[in-house]
Amino acid sequence: MLKVGVLGAGHLGKIHLRLLQQSEKFELVGFYDENQENGAKIAAEFGYKQFETIAKLIHAVDVIDIVTPTLSHYKCARVAIKSGKHVFIEKPISNTVEEAEEIIALANEYNVKGQVGHVERFNPAFIATKNMIENPMFIETHRLAEFNPRGTDVPVVLDLMIHDIDAILSVVKSKVKIVHASGVSVISETPDIANARIEFENGCVANLTASRISLKNMRKSRFFQKDAYISIDFLEKKCEVVKMKNAPEVPGDFDMILQNAEGIKKQIYFANPEVAPNNAILDELDSFADAIINNTNPVVTLQDGTEALRLAYMIIDSMEN
């Protein structure tokens with residue numbers, strides 16, 4: 001088993017601690033939290049070992065799980081990697097693209113692996129449909145959340161939209177051509193609601209909306225491609241796949257047939273991929289253990305996290321211009 005330590009014991013850090021203790025691939029050694037008083041409470045309540053310094057924790061483990069505020073991701077990753085430790089970094093990978101690129105360079109130099117916590121890649125509805133998404137040409141995403149003061153220190157693009165940015169980049173195999181975006185600050189100092197239109201060099205267009213001041217939560221994405229429509233509800237963990245094929249010569253009584261203006265007939269049919277229940281956070285952590293043990297690429301590489309951050313900043317820059 002790989003020895004792992006957690007940096008940061010806030011809301012998400014506590015979830016990581018609990019799941020790592022359940023994992024069959026990691027041995028949870030302990031954690032470090034900058035707020036020693038908060039750390040002492042968590043140690044007393046749950047029995048996790050609290051370390052006095054980051055250095056002592058890093059020395060005791062093989063893997064460091066960084067669940068600190070985004071501003072400190074780079075500093076924590078740098079120290080861990082230079083100590084020869086593998087790093088799991090919560091999303092976004094860092095505060096700036098330059099920091100992210102240096103994290104990649106350091107990981108290569110010290111021959112360690114890194115994974116970024118874009119957890120929607122492990123959402124069972126996305127897993128069930130990802131192989132069906134082939135060359136999508138129009139994508140629409142809505143990620144809406146009720147207001148929560150936690151996370152409002154960064155723009156909604158880095159807080160919420162970046163989940164959909166990463167998912168889109170994982171299925172669109174083309175470079176970004178142009179970005180148009182707008183955002184509004186309603187209650188925070190940074191935009192609380194944003195819309196972005198991303199055009200890719202292959203002609204694909206993605207329209208993303210994110211809000212953290214909505215009356216209800218929603219996380220839906222729709223992918224349109226030749227002869228197929230795929231809808232994913234990340235929140236409800238459900239999916240819908242509608243496909244078209246050439247209509248049979250003699251349609252059955254219950255076949256759904258469409259005919260276009262040119263007289264071409266298509267049959268509509270529904271695919272129902274099985275959505276296997278899972279714990280996405282535990283799965284992403286365990287998948288990182290597999291990548292280390294088997295010396296394979298992590299599912300969400302440091303490069304993936306960097307490209308998602310790069311596009312997020314292109315969106316933010318477009319909103320400001």
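Biologist: Let's start with the sheet that has β1 in it. What's the strand order, and how do the strands pair?
Modeller: This is a predicted model, and in it the order is β2-β1-β3-β4-β5, an open sheet of 5 strands with parallel pairing.

Biologist: Which strands stand at the edges?
Modeller: β2 (26-32) and β5 (114-117). Each has a single partner strand, so one side of each has no neighbour in the sheet. On average, neighbouring strands here are turned by 20 degrees against each other, ignoring direction.

Biologist: How many bridges do β3 and β4 share?
Modeller: β3 and β4 pair over 4 bridges, in the parallel sense. V63 has H86 in β4 as its bridge partner, and I64 has V87.

Biologist: And β4 itself, how many of its residues are buried?
Modeller: 5 of its 5 residues are buried.

Biologist: Which way do they point?
Modeller: H86, F88 and E90 go one way from β4, while V87 and I89 go the other way. In a regular strand, side chains alternate between the two faces of the sheet. Both sets in β4 are buried.

Biologist: What lies across that sheet?
Modeller: Helix α1 (residues 11-22) lies across β1, β2, β3 and β4. Relative to β2, α1 runs at about 150 degrees.

Biologist: OK, switching to α4. Which of its residues are buried?
Modeller: In α4 (residues 73-82) the buried ones are H73, Y74, C76, A77, A80 and I81. They sit on the same side of α4, because they cover an arc of only 165 degrees around the axis.

Biologist: You mentioned α5. At what angle does α5 pack with α9?
Modeller: Two packed helices are described by the angle between their axes and the distance between the axes. For α5 and α9 (residues 302-320) the angle is about 170 degrees, and the axes are 9 Å apart. That makes α5 roughly antiparallel to α9.

Biologist: Which residues meet there?
Modeller: From α5, V97, A100, E101, I103, I104 and A107. From α9, they meet L302, Q303, T306, L309, R310 and Y313. By class, that contact has 8 nonpolar, 2 polar and 2 charged residues.

Biologist: Let me pick T306 out of that. Buried or exposed?
Modeller: T306, which is in helix α9, counts as buried because its relative accessibility is 0%.

Biologist: What does T306 touch?
Modeller: Leaving out residues up to four places away in sequence, T306 touches I93, V97, A100, E101 and I104.

Biologist: In what sense do β11 and β12 pair?
Modeller: Antiparallel, over 6 bridges, between β11 (residues 228-233) and β12 (residues 238-246). A228 is opposite K243 in β12.

Biologist: Last one, F51. Where is that?
Modeller: F51 is in the loop between α2 (36-46) and α3. F51 is buried, with a relative accessible area of 8%.

Biologist: What is F51 in contact with?
Modeller: Setting aside neighbours within four places in sequence, F51 is in contact with V29, G30, F31, Y32, Q36, K56, L57 and A60.

Biologist: And what separates F51 from E199?
Modeller: 47 Å between their C-alpha atoms, with F51 and E199 148 residues apart along the chain.

Terms used
Residues numbered from 1 in each chain as written. Predicted model: local features only at pLDDT ≥ 70, side-chain atom pairs only at ≥ 80, totals over all residues. Heavy atoms only, no water. Buried < 20%, exposed > 50% of the residue type's maximum accessible area, 1.4 Å probe, protein only. Helix = DSSP H or I, 4+ residues; strand = E, 2+ residues; numbered from the N terminus. Arc of directions from axis to C-beta. Axes fitted to C-alpha atoms, helices over the stretch in contact; angles between N-to-C directions. Parallel < 35°, antiparallel > 145°, perpendicular 65-115°, else oblique. Contact = heavy atoms within 4.5 Å. Nonpolar A, V, L, I, M, F, W, Y, C, P; charged D, E, K, R; others polar. Pairing = 2+ DSSP bridges.
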